[in-house]
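Please take a moment with the sequence and the three-dimensional view below before reading on. The paragraphs that follow lead through the fold step by step.

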Amino acid sequence: MGQPQAASDATVPVRVTAIASLTPLEELEADPFLVDSRSQHAMCARWAAEHGYVVARELLVGGLRFDHCALWDGVRPGVDVFVAPSLRVLRRALSSVEAFTAECARRGVRVETVGRAEPAYDAQMKARVHRRLSMPTAGYDGR
């Protein structure tokens, strides 16, 4: 993926679209990080903050086509960057990472991956993710 760069105009902050995978709760035991979209977005937010960028949008998608309007709505070349925690997350979130990165190159928009180790999930962490995702309308905030 590309190297982080500052925006060409110092008055225009780099805007980040954080991409997380929409993975069914049923996959929690087998792959908790792919299910835990909150941790995926938090990883992207930390990366953005470390680079002085601003998270403008958070997408939660599964198998989305590279040309879907949800990806490109308001995206500006040279100002916006897509970031995901890893290539593995991008593969789950998008129908074709190759087609997406080619479209990004065509449009002049960077794609980055955070590239940090995923958290290790113990039983307690998995239980918190399960409660948060299984009771979203009950007011439970995941803590």
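What is the order of the four strands in the open sheet? The model is a predicted one, in which local features need pLDDT of at least 70 and side-chain atom pairs count only at pLDDT 80 or more, while totals for chains, interfaces and linings use all residues. Residues are numbered from 1 along each chain as its sequence is written, and side-chain values use heavy atoms, with hydrogens and water left out. Helices (H or I, at least four residues) and strands (E, at least two) are DSSP runs, numbered from the N terminus.

The order of the open sheet is β2-β1-β3-β4, and the pairing is parallel; two strands are said to pair if DSSP finds at least two bridges between them. At the edges stand β2 (54–61) and β4, each of which pairs on one side only. From one strand to the next the twist averages 25°, where axes are lines fitted to C-alpha atoms, for helices over the stretch in contact, and angles run from 0 to 180 degrees between N-to-C directions.

Strand β1 pairs with β2 in the parallel sense over seven bridges, and four bridges join β1 to β3, again running parallel. V16 illustrates both pairings, for its bridge partner in β2 is V55, while its bridge partner in β3 is V81. A18, in turn, stands opposite E58 in β2. Six of the seven residues of β1 are buried, so that the strand is mostly covered; buried means under 20% relative accessible area, exposed over 50%, and partly exposed in between (1.4 Å probe, protein chains only).

Helix α2 (residues 37–50) has 14 residues and reaches 20 Å from its first C-alpha to its last, close to the 20 Å expected at 1.5 Å a residue, a span taken as 1.5 Å times one less than the number of residues. The buried residues of α2 are S37, Q40, H41, M43, C44, W47 and A48. Seen down the axis of α2, these buried residues fall within an arc of 155°, so they line one face of the helix; the arc is that of the directions from the helix axis to the C-beta atoms. Just after α2, G52 takes a positive phi of about 75°.

The largest nonpolar core has 18 residues, and V16, W47, Y53, V83 and V114 have the most contacts inside it. Such a core is a set of buried Ala, Val, Leu, Ile, Met, Phe, Trp, Tyr and Cys residues joined through side-chain atoms within 4.5 Å. The elements giving two or more residues to this core are β1 (15–21), α1 (32–35), α2 and β3 (80–84), and α2 gives the most, with four residues. Apart from this core lies another, of 17 residues, among them L59, V61, L71 and V75.
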